[in-house]
Amino acid sequence: MPLVPYHVVGVSVGALPEDLHDYLTPTPCAKCHLDLYLHQCVVLEQLEFENRGTCAISLAVGSDFEGLTKVLKYPTNTMLRHKSELNRTAHYCVDIPPSGKHQCVRVTLEQPYEPLIRIGLANLQLRGTPTHASSLTVPEIDEVETPSGAPMTLQDVRNVLTNRQHAATQLSAPTQSTSNLPAPPPQPQSSSQPVTAPPSSLKKDRPLSGIHFVLSGFVHPDRTHLRDKGVGLGATFSQDWGPTSTHLVSAFGTTPKAKEVRQGGRGWIVTRDWLEDCASLNQRLSESGYTWDPDPLPKRPKV
């Protein structure tokens, strides 16, 4: 049964987590929820997770976050009541009752018998069967940003897709000045001199040379895709933000790493579109049209 890739697009308590490999509420609470957006329309069949704080995990699904249907809660309140170790972590793998095909999932964490502890989950995995009946392409995580806990509708997604398709059309359309130019004549090469690429060609092959970038808020396979794309353009990748880092490619403007960059007052915080468009045009584009910050940071790196 294949794994279902997803993005975390909303949380009711605290800041949006980087991923759900190890999530814990920042403060004690009895209940919170996280919103996940699936990469494609899927018939969900199985849920695997580790709960923290001996909390129950509820699963609600739907075509958007305004009309969700609860399909699963595990473990039950009766099971929670008899747990002797409130801070233990247990591993569960449960089947999801048939509920049709969906793209939106809300995971609710609940510990009604001990509201003064932090609750969470780890290694959340969804499994199911992809379908091809959806007429909507799921956007990437950086294309939709909603306030913490706010619902996201299909109209939000359609608006983003329309704007992205319009931008792609403009990028792919040839201009009149370049499409009618004749091809330059071939230049003769001296047999006594070695053939080497001129500096301009090297720069074009590696347009992001000198850039040190970090990713934030992306999960596999998008994280691997973006990392390989940046490295292929000549940039250097690091897992964590450091003194040599110049660019944070962030899924959202409010990730923990984005806050770290702002606190340091140095570096660009850009969307994934900047990296994708640099690759599409094979050149370094201005970051100003892709930054998450409306006002520039005091110190921008010069690379």
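Reader: What do the buried residues of α6 pack against?

Author: They pack against β9, α5, β11 (247-250) and β12 (268-270), where contact means heavy atoms within 4.5 Å. This is a predicted model, in which local features need pLDDT of at least 70, side-chain atom pairs count only at pLDDT 80 or more, and totals for chains, interfaces and linings use all residues. Residues are numbered from 1 along each chain as its sequence is written, and side-chain values use heavy atoms, with hydrogens and water left out.

Reader: Which residues of α6 are buried?

Author: In helix α6 (residues 256-264), they are Lys257, Ala258 and Val261. Buried means under 20% relative accessible area, exposed over 50%, and partly exposed in between (1.4 Å probe, protein chains only). Helices (H or I, at least four residues) and strands (E, at least two) are DSSP runs, numbered from the N terminus.

Reader: Where do they lie around the axis of α6?

Author: They are on the same side of α6, because they cover an arc of only 105° around the axis. The arc is that of the directions from the helix axis to the C-beta atoms.

Reader: And what comes just after α6?

Author: Glycine 265 does, with a positive phi of about 70°.

Reader: Changing topic, how many aromatic pairs does a search of the whole structure find?

Author: The search finds one. The ring centres of phenylalanine 213 and phenylalanine 237 are 5.3 Å apart and the planes are at 55°, so the pair is tilted. Rings of Phe, Tyr and Trp (its six-membered ring) pair if their centres lie within 6.5 Å; planes under 30 degrees apart count as stacked, over 60 as edge-to-face and the rest as tilted.

Reader: Are those two phenylalanines buried or exposed?

Author: Phenylalanine 213 and phenylalanine 237 are both buried.
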